[in-house]
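Visitor: Could you walk me through this structure, one step at a time?
Guide: Gladly; have a look at it here.

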Amino acid sequence: MLCLVVAVFCFDIKTVRADHGEHSLRIVVADDVLVDYEKFRDGRDPLAITSFDGPHSRRDVVEVVLIQQALKKGGWRGAINLIAGGNYARMMQMIADGEADLTGSSTWLRDIEHKGDRISPSGAVIPNGRFEAGFYMRADSPNRSKIRSLRSLQRLRGVSNRTWKPDWQALGKLGLVDLLHVPNWELMVQFVAEGRADFLLAPFQPGPKMELVVNDVHLLPIEGYKIALDGSRHYAVTRVTPYSHDLIVAIDQGLLELQKIGRIDQAYRQSGFFHPAVKNWTMIGSDGFGQSGNSMENQIFSLRDVTGRLYPEARF
């Protein structure tokens with residue numbers, strides 16, 4: 001049974017129509033997203049894509065399609081070039097330094113505001129309160145079906161990246177047995193596959209099982225539980241180019257057009273991000289747990305070990 005999820009998208013629409021944008025654009029995309037985007041596109045013109053399900057579809061992949069369609073509908077006439085940008089932190093730095101014009105997938109507003117003198121947000125594509133994620137474990141893990149309470153969930157070891165602040169803050173509040181920081185997505189999957197961590201957070205995937213497959217590793221969500229990540233998500237646009245204002249205008253006008261025809265909601269539903277099967281799952285909220293700084297960005301460490309050294313009396 002298909003449950004249509006209605007989302008409210010708020011766009012800060014400016015009055016000048018950006019139908020004169022002829023600059024070539026550099027859209028930076030995470031390495032793994034760019035690989036899956038090309039597989040998902042499968043030779044199709046991204047401007048002609050109207051169905052967002054199928055192999056390799058996921059939230060950040062369909063967002064690469066959506067931004068290109070938004071630019072077209074917003075009147076931008078310049079060429080579009082997708083460039084690999086490494087991980088999330090590296091991409092945000094490229095935007096701040098003017099090495100890229102905008103991100104291909106949405107980013108957290110708080111990360112944009114952190115570099116607000118050099119980065120501007122588009123209108124929100126995922127409003128505050130709409131970002132839900134699942135606790136993904138190995139599909140063959142016997143423990144996955146044994147999670148029946150918050151207490152049993154707390155006995156698990158999670159893996160994430162401390163620069164992904166909403167994820168890290170939400171998990172940090174849960175009182176897990178341990179929370180591991182690793183620098184990139186593929187290594188997180190490897191940690192779960194090897195049993196060095198029990199789960200990772202991931203958006204829900206399309207299909208009835210919501211299975212996530214990464215490098216032949218099969219993951220399934222813990223049934224019955226989901227987590228809310230605080231904040232809204234936007235495309236990040238550099239402010240250091242002379243055409244950045246026109247670019248924001250084009251993006252926001254294009255997003256509004258896509259919202260009017262239901263394309264954004266459709267893309268998120270068909271990619272599994274807005275998944276009807278999890279509508280009644282128990283929501284675990286998130287707010288207020290703080291970790292700051294990124295000096296350990298490329299290290300692997302255990303939150304339990306670090307906290308244990310700083311606060312020997314702390315219990316996990």
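Guide: A definition to begin with: helices are DSSP runs of H or I with at least four residues, numbered from the N terminus. Please keep in mind that this is a predicted model.

Visitor: Which residue just after α7 takes a positive phi?
Guide: Helix α7 covers residues 185–193. Just after α7, a positive phi of about 80° is found at G195.

Visitor: What does the side chain of N184 reach at the start of α7?
Guide: We are now at the other end, the start of α7. There a side-chain oxygen of N184 comes to within 3.3 Å of a backbone nitrogen, and that nitrogen belongs to E186.

Visitor: Which residues of α7 are buried?
Guide: Buried means under 20% relative accessible area. In helix α7, the residues that count as buried are W185, L187, M188, V189, F191 and V192.

Visitor: How are the rings of W108 and F131 arranged: stacked, edge-to-face or tilted?
Guide: A pair of aromatic rings is described by the distance of the centres and the angle of the planes. For W108 and F131, the centres are 5.1 Å apart and there is 50° between the planes. Planes under 30 degrees apart count as stacked and over 60 as edge-to-face, so the pair of W108 and F131 is tilted.

Visitor: How many residues apart in sequence are the parts that this pair ties together?
Guide: W108 belongs to strand β4, while F131 sits in the loop between β5 and β6. The pair therefore ties together parts whose separation in sequence is 23 residues.

Visitor: Is W108 buried or exposed?
Guide: The cut-off for buried is under 20% relative accessible area. W108 has 3% relative accessibility, so W108 counts as buried.

Visitor: Which charged residue sits over the ring of F274?
Guide: Look for a charged end 4.0 Å from the centre of the F274 ring. That charged end belongs to R130.

Visitor: Which element gives the most to the lining of the largest pocket?
Guide: The largest pocket holds about 1200 Å³ of space, and 44 residues line it. Elements that each supply at least two of the lining residues include α2, α7 and β9. The most, six residues, comes from α1.

Methods
Residues are numbered from 1 along each chain as its sequence is written. This is a predicted model: local features need pLDDT of at least 70, side-chain atom pairs count only at pLDDT 80 or more; totals for chains, interfaces and linings use all residues. Side-chain values use heavy atoms; hydrogens and water are left out. Rings of Phe, Tyr and Trp (its six-membered ring) pair if their centres lie within 6.5 Å; planes under 30 degrees apart count as stacked, over 60 as edge-to-face and the rest as tilted. Buried means under 20% relative accessible area, exposed over 50%, partly exposed in between (1.4 Å probe, protein chains only). A charge sits over a ring if NZ of Lys or CZ of Arg is within 6 Å of the ring centre and within 35 degrees of the ring normal. A polar contact is a pair of N or O atoms within 3.5 Å; within protein, one must be able to donate a hydrogen and the other to accept it, and residues adjacent in sequence count only if both atoms are side-chain atoms. On a 1 Å grid over the protein atoms alone, a cavity is a set of points where a 1.4 Å probe fits but cannot get out, and a pocket is an open set with protein on both sides within 12 Å along at least five of seven lines; lining residues have an atom within 4 Å of a point. Grid points are joined across faces, edges and corners, and a volume is the space filled by probe spheres set on the points.
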